[in-house]
Amino acid sequence: MSALPEYKTRVLLDNEKVPLVEGVFVAAGAELPDPLPEPPVYLKAQIPGATSRAAQGLVRRCDSKEQLESGLKQLLAPGSWGQAEGVLVANSVNMKGEYYAACMLDFGNADELPHGVLLFSTEGGSGVEERAASLHKIPFSLLNLPSADDLIAKLGKVAGAQAIGKFLEGFIKTYARYKLIVLEANPIGVLEDGSLLVVDCRAEFEKQAVGKKDTELFAAAPVTKEDKTHLERLVDKVNEADPAGTGFIRENREPAPEGAWRVATNLCGGGGKMLWEMTTGARKDIYTMNESDTSGGLSAFKSYRVLRAILEMEDSQVLLLTGSGMGFQNQHYVAAAVWKAIRESPTPLPALLRFGGTDEDKGRELIEKVAPSLPVPVKTYMPHVFPNAMVDDVAAMATKQRIKVTPEPQPTGEPSFRVDVPPGDFFFFADKWDKDEAPPCVGACPNNFLFWNAEQRTVEPVEGARCIGCLMCEVVSLLEGNGELRIRLDLPEVD
Amino acid sequence: MKNGILKHLVGIEEPKALVVGMTGKQGQTSSKLMMKMGTNVLAGCTPGKGGQEVLDKPIYNSAKEAVAANPELNCAVMYVPAAAVKRAAMEAMDAGLKFAVLTADGVATHDEAVLKEYAKAKGCTYLGPNTVGMLDTSGYLFGMIGGSATWARKNYLPGCVGVISRSGGLSQLLGAFHCRPNLPGPQEDGSFGPLWGEQYPGVSAVLCTGGDPMPGVTMIDAALAFQKDERTKVIVAYGETGTTQENDLAAAVKSGQITKPIIVFLGGMFTKAGVAQSHAGAMIRNEEETYTYKRKVMEEVGITVVERPDAVFAQTAKVLGM
């Protein structure tokens, strides 16, 4: 869920012709408007998700130009509240009353369909939470939005019902048009003539609900470097270059309890995460280094890169990986990524590996076959052994001291050919294949992407065919051939 | 096939499917799998691609066109981007299709709320969004369960367990493991050994209700279908925090609507309220959506709740007297 600051929420309301108090937004770092609005005005620092702004001094009344200029200067500069996106300079209005309105979702249950809920009170303003009894709670359909007349009928006897009904109709339209999670206006000013206008407002939204044309309006505040770790940004870059499927990590910001085993995890999907949480949630002797999710049909190239990031986490003592059951997440391919990541990482970790799902047996067989050649111990599990049992092996497998090795070198120089998505550089070493027939890597490709050019004695991509980034060609080349085909998977540069 | 779970879920005895988005990569891959698993796919549709053929099936520009040319169509599976799901699903419902599987992840919550209301008005049912689909061992599959036909045929075998899950991975796991001879698991005496012999319980159907907060087919809808399904002797489910689905299931047991034994692997013992989860639907918004509350109401009505996945299989064996 993301929060939209007041000045942007005003744009949404304005697009549905909901009346607003007049105001000018001054962005941080931008030129001040000339002339400045005439006092009396209110200065309101614009910080997404901020509440109780008045109490923090982020809303100030200015009765003179001097107050306005100095207030703007202070609120536009970084302060204890961080850096505001800017300041809304809003006109002061004479109100004879203050109302409150909010829209939210009711997710429904077995007896009730999901629907929107309008909360409305004629006793708005600060401290509205304490006057919950005064709230009208009006459910409404998101499929057929209520008209002003519908709302008037539901409100019952309220003074100024016509104006309220029309106002709320636009308010609900705004909520539905932008698929907001929450839209709140508090206060809604009641003017002498009985008309209403929004004095303050805020919204919460789902990123996935933002339409293409509204992307800029809903753009969240830029993520600062401090918000994400180096490895998290690395994985972000991996996703940019190879968007298919989920590749996610988030490092644990909490300090590890003294003496706890520090487990780096590579889990699969929401179910995989839940299995690990159920296993370790109450255990003080296990510290999970990171959240992770590799699922949704990602390539083995991406699995490899995410794993490389996971293996880089300082202070980790052991890697725990569980596969899932997704068919297009072939576990043989995942195993290929694990093998490659462990042998090419300068900081490999002892690993507890449970493959689960399509070709889980092949995945396990591959790892068991190559295990003696790896620089760290690995232990595989049958798919019916879940994290609740795997965790018992953490202490025995964890390394006491971080292992640092000189990893298997990746090929250098210009590749024989390159695949853009998923990104990988393919190297065919003709000097390692002196037979006339095609090397085994060609037949290993499940997508018939590789072709043996017998005349040129080289392996080439087939025009129109697609590489799915499964690593099977390299696996077979190393195990059944002479290492004639290798794939270089560079990790992205991160500032 | 006539006695598949769709008969009890939506009254469809012989599913005849339209694949929406069949021309796309995922649509084609999944269509191949579905057809290999016996699903009767009659046609596909993709806006602007009408007139083409994919996997020897005609492609139409819309569900309406497809139904006009193939009036026997009665259900759809959709491989369309999240932002297009609402429109595509409503179009399929308008075309008269009574059941749809919405696979996409990331559908806006508002769109899900609108779809629920629209589907009810149209008398339609849908599975998802954010689901790997469903598999019925009488001979059809919608979605991606099993991955490859070879794997799916090997791992999902006819039997008496009805599987419901809010997680894609766990729906496949709970289904497949009930079909493995000599599956080892935790025994009552604390040892770990075969829960059953060569004769495994098998599955009637696997229904992944999806990880979103407003699924079309809920756990209780699925459980009511399994209650009517003669093949199903025990219902096994993966539930978690968020939504009231498990509580609704408990209420249905209490009221006598569901009498078959139910085993639930409930996740989320350590999930904190208000924190976004990998499954959007798992976020706790109030007390009734917590692990503790759900566990209590389910156990009160006799539903077996377990904390680890392998305990599910042990309980199945116990219930079936294996």
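This is a predicted model: local features need pLDDT of at least 70, side-chain atom pairs count only at pLDDT 80 or more; totals for chains, interfaces and linings use all residues.
Most of α9(A) is covered, with twelve of its 14 residues buried.

Now let's move over to chain B and look at its contact with chain A. The contact takes 42 residues from chain A and 49 residues from chain B. On the chain B side, α5, α7 (168–177), β11 (184–186) and α11 (309–320) each supply at least two residues. The largest share of that side, eight residues, comes from α5(B). By class, the side of chain B that touches chain A divides into 21 nonpolar, 20 polar and eight charged residues.

Helix α5(B) deserves a visit of its own. It has 14 residues and spans 20 Å from first C-alpha to last, close to the 20 Å expected at 1.5 Å a residue. Buried in α5(B) are Thr109(B), His110(B), Asp111(B), Glu112(B), Ala113(B), Val114(B), Leu115(B), Lys116(B) and Ala119(B). The buried residues of this helix pack against elements of both chains: β6 (97–106), β7 (115–121), α4 (161–177) and β9 (180–190) of chain A, together with α4 (82–94) and β7 of chain B.

Let's finish with how chain B is laid out. Chain B is divided into domain 1 (1–130) and domain 2 (157–322), and 27 Å separate the centres of the two, taken over C-alpha atoms. Where they meet, 16 residues of domain 1 of chain B are in contact with 16 residues of domain 2 of chain B. On the domain 1 side, the elements that give two or more residues are α1 (5–10), α5 (109–122) and β7 (125–127) of chain B. Here we meet α5(B) again, as the largest share of this side, five residues, comes from that helix. The side of domain 1 of chain B that touches domain 2 has eight nonpolar, six polar and two charged residues.

Conventions: Residues are numbered from 1 along each chain as its sequence is written. Chains are lettered from A and ligands numbered from 1 in the order in which they are written. Domain bounds come from an automatic or database domain assignment. Two residues are in contact if their C-beta atoms, placed from the backbone, lie within 7 Å. Helices (H or I, at least four residues) and strands (E, at least two) are DSSP runs, numbered from the N terminus. Ala, Val, Leu, Ile, Met, Phe, Trp, Tyr, Cys and Pro count as nonpolar, Asp, Glu, Lys and Arg as charged, and the others, Gly among them, as polar. A residue is buried if 20 or more other C-beta atoms lie within 10 Å of its own, exposed if 12 or fewer, and partly exposed in between; C-beta atoms are placed from the backbone. The expected span of a helix is 1.5 Å times one less than its number of residues.
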